Amino acid sequence: TKATTTKRTVARGEKIAYLTFDDGPSINTEKLLDILDQYNAKATFFVIYHKNMEKKYKAIVDRGHTIALHSYTHTYSKIYKSEKGYYEDLNKIHDYVQKVTGVDSRIIRFPGGSSNTVSRKYNKTIMKTLKQSVTDKGYYFHDWNVDSTDASGINRDPDLLVSKVKSGSKNKNVINVLMHDTGKSKVTTVEALPRIIEYLQSQGYKLEPLTEDSVVIQHKW
Ligand code: ZN
């Protein structure tokens with residue numbers, strides 16, 4: 001059965017920021033959660049499977065954030081080869097998250113985003129197929145419209161990450177900010193986060209976790 005949902009309406013002049021962290025949890029998760037707490041900010045973690053990190057998945061939920069589904073393996077050749085391969089992987093992370101946290105998540109982000117072109121190497125039409133079928137199955141997929149660019153290198157200069165969020169959010173009332181929670185290679189994301197939050201709050205953004213009612217940012221293609 002497909003639930004009917006009412007999308008959150010955005011009032012004139014209202015500004016909403018969805019901070020999103022992909023690929024975790026990691027050794028940085030606790031630090032990210034502490035910073036978010038300091039600013040009373042809520043965020044969304046698009047998780048993958050990591051062994052022996054049950055406590056971190058739980059902490060995300062217990063501290064009021066949204067745990068959402070990214071991938072079990074994050075292996076493009078497997079998930080983008082066929083619809084069957086994709087859903088085997090998605091169901092695995094869905095069930096793992098549910099087992100560990102109790103959350104039956106319907107909120108997803110495709111590895112590489114829905115507009116990724118890497119998948120074409122494995123199956124030319126897979127993204128078109130998946131975008132339709134995840135929606136038919138009652139999932140909500142979210143891309144982003146502000147890229148911190150923390151995935152474009154290892155420990156990119158935190159000043160650069162802050163400035164990318166500043167420039168990327170310009171003239172946008174609803175933003176979905178892409179960041180990563182991947183441990184040693186993304187320490188500067190942790191360093192930049194306080195300034196990113198301070199900037200967004202100073203610009204009047206409310207920092208909300210994604211829910212099934214949230215505004216959906218999806219790439220056009
Ligand atoms: Zn990812």
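1. Donors are N, O and S atoms within 2.8 Å of the metal (3.2 Å for Na, K and Ca); water is not among the atoms, so sites may look incomplete. In this structure, the donors of the zinc ion are spaced D-x46-H-x3-H along the chain. They are Asp23 (OD), His70 (NE2) and His74 (NE2), at 2.1 to 2.2 Å.

2. A word on the basis. This is a predicted model: local features need pLDDT of at least 70, side-chain atom pairs count only at pLDDT 80 or more, and totals for chains, interfaces and linings use all residues. Residues are numbered from 1 along each chain as its sequence is written, and side-chain values use heavy atoms, with hydrogens and water left out.

3. Back to the zinc ion, which is coordinated by Asp23 and His70, among others. This pair links distant parts of the chain, 47 residues apart. Asp23 sits in the loop between strand 1 (15-22) and helix 1 (29-38), and His70 in strand 3 (residues 66-71). Helices (H or I, at least four residues) and strands (E, at least two) are DSSP runs, numbered from the N terminus. Asp23 is buried, at 14% relative accessible area. His70 is buried too, at 2%. The cut-offs: buried is under 20% relative accessible area, exposed over 50%, partly exposed in between (1.4 Å probe, protein chains only).

4. Next, salt bridges. Each is a side-chain nitrogen of Lys or Arg within 4 Å of a carboxyl oxygen of Asp or Glu. By this rule there are eleven. One network of salt bridges links Arg8, Glu14, Lys206 and Glu208.

5. Glu88 deserves a look. Glu88 forms a salt bridge with Lys78, with the closest N and O atoms 3.8 Å apart. That pair links distant parts of the chain: Lys78 is in helix 3 (residues 76-79), Glu88 in helix 4, ten residues apart. Glu88 also forms a salt bridge with Lys84, at 3.2 Å between the closest N and O atoms. Both residues of this second pair lie in helix 4, four residues apart, about one turn of the helix. Glu88 is partly exposed at 39%, Lys78 partly exposed at 33%, and Lys84 exposed at 61%.

6. Asp159 forms a salt bridge with Arg195, the closest N and O atoms lying 2.8 Å apart. The pair joins helix 6 (residues 158-169) to helix 7 (residues 187-202), 36 residues apart in the chain. Asp159 is partly exposed at 44%, as is Arg195 at 36%.
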